[in-house]
There are 2 protein chains.
Amino acid sequence: MKRLESSGKGRVRFAKSNSDEHRPATFEPFDTKHGTPRAPTTQGLSVLDVDMRAAENKRAHNTISYKNTNLIVRRNQEFFITIRFDQPFNNQRDNVQMEFRIGNSPDENKGTYIVLPIGKEKPDARWRSRAVDIQGNYVTVGVTSDASCIIGRFQTFIVVVSDFGKQRTERNTATDFYVLFNPWDPEDQVYISNENQRQEYVLNDVGIIYNGEINNIGSRSWNFGQFEQGVLDACLFVLDAGKVPLLYRGNATQIVRQGSALMNAQDDNGVLVGNWSEDYSVGTAPTAWTGSTEILLKYAREGGVPVCFAQCWVYAGVLNSFMRCLGIPTRLITNYCSAHDNTGNLKTDIVLDEDGRVDRSRTRDSVWNYHCWNEVYMKRPDLPDKFSGWQVIDSTPQETSDGLYRCGPTSVIAIKDGELSYPFDARFVFAELNSDVIYRQSDKYGNTSILRVDTAYVGRLLVTKRVNANSYEDVTSNYKYPEGSERDKQTMRNAENRGAPTRDYLPQPQPQPQPQPEARVTMDIQADTIKMGDNFKLTLNINNQTSRTCTINATITGCVSFYTGVVSTTFKLENKAATVNPQNTSKLQINVQAMEYMPYLVEQANLLFVVNGRIQETGQTLSAMRVITLRPPELTIKVNGIPRVGKDLMVLVSFRNPFTFLLTNVQLRLDAVGLLPTRIKSYNQIPPGGSVQYTEVITPQTPGRKVLIGSLDCAALRQVTNQLEIMVNY
Amino acid sequence: MKRLESSGKGRVRFAKSNSDEHRPATFEPFDTKHGTPRAPTTQGLSVLDVDMRAAENKRAHNTISYKNTNLIVRRNQEFFITIRFDQPFNNQRDNVQMEFRIGNSPDENKGTYIVLPIGKEKPDARWRSRAVDIQGNYVTVGVTSDASCIIGRFQTFIVVVSDFGKQRTERNTATDFYVLFNPWDPEDQVYISNENQRQEYVLNDVGIIYNGEINNIGSRSWNFGQFEQGVLDACLFVLDAGKVPLLYRGNATQIVRQGSALMNAQDDNGVLVGNWSEDYSVGTAPTAWTGSTEILLKYAREGGVPVCFAQCWVYAGVLNSFMRCLGIPTRLITNYCSAHDNTGNLKTDIVLDEDGRVDRSRTRDSVWNYHCWNEVYMKRPDLPDKFSGWQVIDSTPQETSDGLYRCGPTSVIAIKDGELSYPFDARFVFAELNSDVIYRQSDKYGNTSILRVDTAYVGRLLVTKRVNANSYEDVTSNYKYPEGSERDKQTMRNAENRGAPTRDYLPQPQPQPQPQPEARVTMDIQADTIKMGDNFKLTLNINNQTSRTCTINATITGCVSFYTGVVSTTFKLENKAATVNPQNTSKLQINVQAMEYMPYLVEQANLLFVVNGRIQETGQTLSAMRVITLRPPELTIKVNGIPRVGKDLMVLVSFRNPFTFLLTNVQLRLDAVGLLPTRIKSYNQIPPGGSVQYTEVITPQTPGRKVLIGSLDCAALRQVTNQLEIMVNY
């Protein structure tokens with residue numbers, strides 16, 4: 001029996017690349033076996049030139065900032081093309097078509113091949129065209145793509161149809177054009193009504209990423225760079241490398257879901273390799289990056305080799321660039337005290353040993369000081385209407401149940417209301433914000449009991465950069481009702497009705513022997529802002545609200561820790577005793593020397609202090625915990641001269657090593673969106689007390705606000721960043 | 001600064017294998033630095049024997065059919081273990097614990113480590129135990145797992161706690177036991193209330209798979225073999241090979257979602273490699289398999305190398321075995337005229353050329369004669385209550401938007417009501433059933449227009465094997481309201497509100513020039529059952545309802561086609577003319593010779609006839625289409641003797657080659673669930689008219705209904721199957 005070449009399944013490999021092209025023939029003769037062709041005769045009309053009128057169209061489409069010579073338009077908004085023929089165009093006689101093509105198998109049914117007649121109506125067409133001006137040899141055509149059109153780079157051909165066939169213009173990359181999402185158009189899935197929001201969430205190419213910890217919020221500027229030369233092509237390359245079918249590229253839900261998967265290298269060789277190991281010697285430390293441009297361009301230039309290395313804010317920064325570049329309103333969110341509830345059970349289990357210390361071998365979950373993700377603004381046609389609006393996406397690779405390293409889009413409103421049934425990944429995001437922290441203690445027989453449940457520790461503050469300002473906006477109330485409120489309880493009940501585990505540990509927590517709740521002894525740790533390398537003091541306040549004197553023996557443990565809450569070396573272990581009178585507060589001072597912690601510091605310089613106390617008289621145990629983020633030494637950025645378009649300006653970046661040890665293999669980065677590509681300067685060493693200064697001369701090309709972003713990085717010192725905003729005038 | 005071994009992210013690798021073990025120490029001394037241990041002293045009590053009472057417990061747990069010497073229990077149902085000590089057990093004095101462990105990092109919080117005291121209450125415990133009988137040295141304990149317990153193989157240890165430490169019994173695989181889902185327990189996620197249904201959907205190890213085409217429904221028996229020796233271990237191996245975290249293995253939603261992904265080799269080296277190419281020389285043809293046992297055992301034996309080859313019914317057959325083996329009620333569904341709407345737009349676009357023939361290069365979608373998937377019965381705690389019940393899962397690898405080759409679980413009720421917002425993959429399943437078939441015709445200018453829309457062609461009949469009977473049950477009404485009914489329209493509106501594309505082509509289909517609808521000329525093709533290799537006749541009925549005589553010129557095209565609707569060679573092209581009087585029917589006879597189609601037949605032997613006619617008088621065009629599935633030659637299965645337990649019985653399988661050509665490299669398979677492992681017999685050739693007979697002597701070990709399943713397979717002849725049911729008595 002005959003062997004067939006083709007598969008009996010007829011499975012189709014869809015076009016999955018924008019850069020793969022199908023080159024159409026310049027002449028396609030008609031097959032005349034069916035008699036005389038019915039096409040009207042054209043007397044040798046031919047096309048001399050196609051002018052995409054890029055500058056004028058781009059101004060109208062809010063795409064003028066893209067450093068790209070080709071036309072860039074937004075969906076469902078008219079743009080104009082002027083075609084020059086070799087003789088006057090006759091609307092009645094001449095049969096001329098515009099063809100727009102994308103990918104290697106253009107197909108009219110699939111939106112990858114658009115054919116529009118010039119000067120005639122075409123029924124049943126998604127894209128529309130009209131001849132707006134016919135002047136002798138020149139015809140100007142208005143073209144409007146449909147509101148759900150595929151995003152990407154299209155090719156333009158003009159076809160003259162004669163009795164004998166179709167005569168097509170040669171492939172000319174100068175007539176290629178890009179179609180982007182259109183947040184200005186009410187018909188677009190990503191429409192957002194407020195112009196200030198569009199300016200911030202689509203057009204702002206610099207942003208602020210908040211970090212640190214909830215009591216000491218830090219920030220760094222980030223170059224999103226979505227308009228920089230090559231970035232739009234790099235973003236389309238990301239979709240090509242990720243084999244996202246062209247067919248899905250008009251669907252914002254798909255683009256953001258696939259995009260969140262493609263920012264990380266897991267599974268799919270996406271853009272960034274995650275690394276939390278402290279060893280970044282084969283790449284760039286996550287803390288060293290100043291923006292996304294460098295990363296996206298490197299990924300594209302190297303043909304899809306994942307870039308080393310990222311942690312959460314780098315993923316969020318690059319995902320933000322990707323979305324804004326394609327025209328999707330996006331912002332970067334920082335969640336303070338973010339649970340990484342790896343088991344998806346809405347509980348973060350912290351297992352303590354008999355001495356009250358975290359038993360790392362038995363503690364699988366963790367609470368990060370902060371975690372960054374993104375929100376995109378869009379309609380969700382796949383969900384009930386009320387779930388449209390901001391959606392969470394997160395490309396930091398995590399252990400999820402659904403098998404792929406990606407997360408979202410999940411509706412922020414659904415999270416707030418505990419509506420966890422709807423796609424995608426609502427349960428995971430809900431847990432990051434609403435996990436209960438359960439402190440368990442296990443005895444030597446292997447029996448564990450619940451020591452304490454903290455329902456309020458996780459998801460305490462969510463922030464994003466404010467629109468048109470350099471401060472943060474508190475968006476916690478978008479995600480959560482006030483802790484303990486009736487609506488909050490309703491949300492938790494909804495979540496349980498949607499499969500979240502019952503919080504059966506809440507009604508009967510195993511009580512510790514304690515005095516009456518209204519008369520207790522409490523403890524807290526007080527600290528000021530502390531510079532890295534300084535000796536400093538902590539104050540332990542012990543407040544005795546009871547009517548009896550109490551004697552406390554306290555163990556103070558000091559560890560260095562990561563922003564992920566993972567604890568590294570213990571550098572301090574000290575016992576203190578205090579006697580506190582009834583209705584009184586005692587203060588114990590804890591002295592910490594730089595030499596104690598400096599040798600052990602890990603990136604982002606967090607110190608974790610845990611105090612466990614025992615009251616002799618009652619046997620009651622007390623505990624207090626405090627994370628302190630040390631302030632790194634300063635990087636100074638200055639300019640000499642008044643910033644003017646076309647005038648040279650000197651930028652000076654300087655740093656002094658305040659420590660008593662040598663800094664080696666130091667990398668200095670300077671990034672200035674719209675002013676210069678990322679500059680990297682290396683120093684073999686900076687001796688104790690020594691300084692370096694880096695100077696760069698720049699010539700602003702455009703007026704307006706510009707941000708210079710600097711970072712200094714070496715193995716012994718990370719997260720040294722600064723920024724300087726300048727206003728360039730004519 | 002110090003380099004750390006550990007990762008700063010603290011990412012946890014969960015236990016993902018049931019077969020990886022953690023070997024606990026047989027003696028764990030207590031650390032006595034904290035003073036005197038508080039455990040009661042036991043006077044050298046030691047454990048002599050642990051009896052899992054497998055036979056008795058298995059009868060009570062509906063697991064007696066598993067050919068496995070270990071204990072197998074179902075969740076949340078008590079089972080009994082008897083422990084023999086070296087001296088009388090004293091409930092007051094002795095501190096003895098049972099330990100059940102699974103995986104390489106047993107953890108009480110995660111349900112992978114269960115500790116139960118003997119003879120004492122344990123608060124806060126999910127699993128329960130009680131001493132039901134203490135007789136001297138013998139203690140019988142009743143143990144009940146919790147209703148959401150992890151499914152898999154647990155290890156049993158008995159621990160005697162003394163002043164000095166814990167004395168543990170040695171690892172003994174004879175005391176290992178399996179925990180399965182429990183469809184008999186109302187608390188279980190997979191509870192199904194009807195006992196007949198449990199007998200069919202959980203305990204029946206033979207089934208029927210329906211195939212053929214909607215006008216000629218075929219069937220074949222399938223050996224699910226879920227109780228055969230090694231199959232349960234193979235199913236757990238599938239989960240291990242797929243790295244499904246143990247933590248998720250108590251969640252039926254997760255098990256069925258991961259299971260559907262793991263049946264196919266795409267992405268994850270799952271069980272079966274799909275192949276629709278007609279070249280199966282490096283493996284077994286999909287049509288040749290007689291059941292799942294052989295496939296699952298081969299996959300496990302070879303350590304996870306995907307087995308070659310499968311098409312949809314093989315995937316569905318093996319998935320059915322996997323689910324029933326783990327205790328999840330499951331059935332196999334066949335959907336006739338199943339759309340493979342690869343673009344997810346609820347349209348199946350068929351593009352015709354100018355002559356009305358399918359333009360394969362432009363037709364991406366297809367309608368399969370039939371497609372098989374599975375339904376599992378379960379609560380969906382993640383969704384609103386009404387969506388519990390039967391859920392579709394499908395492991396045939398298809399092009400889906402969500403990136404992984406898997407599908408479901410998706411609620412059948414949600415599909416029926418067009419509620420497409422809920423996970424998982426509702427849209428894809430909905431399209432398989434509800435796609436509109438749109439016939440488009442394109443002219444030479446590249447303009448396509450809609451010729452005809454058929455809203456009723458797809459998803460016309462869904463069937464499954466009836467409970468306790470060998471006939472099919474029509475389950476179409478579970479999935480769809482009657483076509484065109486008010487409820488049906490409501491479903492389509494719901495689907496559109498949940499993001500399905502608007503069917504804007506429906507109100508204004510491009511009309512063909514036609515006479516009044518009440519007076520038309522119609523055409524259909526009539527055929528009887530036809531044996532492969534026969535010459536046969538088709539009748540073309542032309543019915544003229546108009547008041548005028550009409551003359552028809554018809555082109556008859558005959559092609560061979562795959563069950564996937566993909567068309568292969570055209571073997572017939574014939575023109576016929578007829579004159580039909582008003583209000584009359586003419587019959588045209590089409591003669592087809594075996595020699596015309598036999599050289600081109602492809603597997604499953606479908607012939608597709610398309611007739612295109614043109615009425616001279618009016619210019620009206622007519623078309624008719626008919627798929628004919630040829631009946632393959634017969635495989636005969638007989639037994640000699642009366643089937644009795646313990647008595648030899650002779651099975652004879654015979655086949656005669658009715659063709660005029662040689663059959664080469666013929667494989668004969670005989671499978672009989674519970675009677676013998678799959679037997680494969682090879683014949684180098686069977687000459688034209690020649691016969692083969694294969695004889696096997698079997699000795700039934702258990703009474704009851706048994707099914708002998710045979711298949712004969714070679715490149716020139718596929719899908720030759722038969723079965724014989726016998727009743728074995730004592």
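Over all chains, the structure holds 60 salt bridges, each being a side-chain nitrogen of Lys or Arg within 4 Å of a carboxyl oxygen of Asp or Glu. This is a predicted model, in which local features need pLDDT of at least 70, side-chain atom pairs count only at pLDDT 80 or more, and totals for chains, interfaces and linings use all residues. Residues are numbered from 1 along each chain as its sequence is written, chains are lettered from A in the order in which they are written, and side-chain values use heavy atoms, without hydrogens and water.

**Salt bridges**

- D713(A) and R718(A) pair through their side chains at 3.0 Å, N to O.
- Both D713(A) and R718(A) are buried, meaning under 20% relative accessible area with a 1.4 Å probe, protein chains only.
- In chain B, R718(B) and D713(B) form a salt bridge, with the closest N and O atoms 3.0 Å apart.
- R718(B) and D713(B) are both buried.
- D188(B) and R75(B) form a salt bridge at 2.9 Å, N to O.
- This pair links distant parts of the chain, 113 residues apart: D188(B) lies in the loop between β11 and α2, and R75(B) in the loop between β3 and β4.
- D188(B) and R75(B) are both buried.

**Helix contacts**

- The axes of α3 (residues 231-241) and α6 (residues 312-326) of chain B come within 10 Å and cross at roughly 105°.
- α3(B) and α6(B) are therefore roughly perpendicular, the term for angles of 65 to 115 degrees.
- Contact, meaning heavy atoms within 4.5 Å, involves residues including V231(B) and L232(B) of α3(B) and F322(B) of α6(B).

Key:
Axes are lines fitted to C-alpha atoms, for helices over the stretch in contact, and angles run from 0 to 180 degrees between N-to-C directions. Helices (H or I, at least four residues) and strands (E, at least two) are DSSP runs, numbered from the N terminus. Angles under 35 degrees count as roughly parallel, over 145 as roughly antiparallel, 65 to 115 as roughly perpendicular and the rest as oblique. Buried means under 20% relative accessible area, exposed over 50%, partly exposed in between (1.4 Å probe, protein chains only).
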